[in-house]
Amino acid sequence: NVGINISSGALIKTFASGALNMTGTNGSVGPVFGVSSNVGIQINGSTVTVLDGTMTLTGTGGSDNTPLSSGNDGIFTTATIISSTGSGAILLTGNAGNGDLSNAGIYLNTSTLSNTTGPITLTGFAFGTLNSNIGTNLNTSAINVANGPLTIMGTGGTGTTYNWGVG
């Protein structure tokens, strides 16, 4: 269950000062929609890039409310490149859905974020109740900012272990 799904080598690109805005919400609630992986924005094996415009990705994971639910991430990427090749800003905001295990606001898995001269800002909120609910999870990912500010913020879940703000 995914609000926005981009996969399999897709290329999304703006030119000049064009802005790129994506808002993905997964409204799945209850076991009728499945126990896991209710993701707001999911990008796998693809490239998303802007030149001088601002890129804004806002994802909200679905609230599952079933025991041991997981993967209700706001934004989830795997093997993805997110970049600005000019002065455009990259702004990612992710809100994890309710669940018990491994629900991240932003989960960047083996992905790369880069910006030539503009800022990169990541803000993730996790709301899980057991463990590994990380606000902003940078799992073997790279973030490169040549000449602009980098801000990474995260709020972990309320569970018992590994509920970090940033991990």
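Let's start with Ser84: is this residue buried or exposed? In this predicted model, Ser84 has a relative accessibility of 2%, so it counts as buried, the cut-off for that label being under 20%. You'll find Ser84 in strand S8, which covers residues 81-84.

Now, what does Ser84 touch, once you skip residues up to four places away in sequence? Its contacts are Thr49, Val50, Leu51, Ile90, Ser114, Asn115 and Thr116. With one of these residues, Asn115, there's also a polar contact: the side chains of Ser84 and Asn115 are joined by one of 3.4 Å.

Next, have a look at Ile82. Again leaving out residues up to four places away in sequence, Ile82 touches Val48, Met55, Leu57, Thr77, Ile90, Leu92, Thr112, Leu113 and Ser114. Ile82 also belongs to the largest nonpolar core, a group of 18 residues. Ile82 is among the residues with the most contacts inside that core, along with Met22, Met55, Leu57, Leu92, Leu113 and Leu122. Which elements give two or more residues to this core? They are strands S3 (20-25), S4 (39-44), S5 (47-50), S6 (55-60), S9 (90-95), S10 (106-109) and S12 (120-125). As background, nonpolar side chains in soluble globular proteins tend to be buried together.

Two of those strands, S4 and S10, turn up again in an open sheet of five strands, ordered S1-S4-S7-S10-S13. The pairing in this sheet is parallel. At the edges sit strand S1 (2-7) and strand S13 (136-139), each pairing on one side only. Going from one strand to the next, the twist averages 5°. Zoom in on one pair and you'll see that S10 and S13 run parallel and are joined by four bridges. In that pair, Tyr107 stands opposite Asn137 in S13. In general, strands of a sheet pair through backbone hydrogen bonds, either parallel or antiparallel.

Our last stop is Gly156, in the segment after strand S15 (150-155). Gly156 has a relative accessibility of 19%, so it counts as buried too, given that the label needs a value under 20%. Which residues does Gly156 touch, not counting those up to four places away in sequence? They are Ala126, Asn133, Gly135, Asn163, Trp164 and Gly165.

Definitions and conventions
Residues numbered from 1 in each chain as written. Predicted model: local features only at pLDDT ≥ 70, side-chain atom pairs only at ≥ 80, totals over all residues. Heavy atoms only, no water. Core = buried A, V, L, I, M, F, W, Y, C linked by side-chain atoms within 4.5 Å. Buried < 20%, exposed > 50% of the residue type's maximum accessible area, 1.4 Å probe, protein only. Contact = heavy atoms within 4.5 Å. Pairing = 2+ DSSP bridges. Axes fitted to C-alpha atoms, helices over the stretch in contact; angles between N-to-C directions. Polar contact = N/O pair within 3.5 Å; in protein donor to acceptor, adjacent residues only side chain to side chain.
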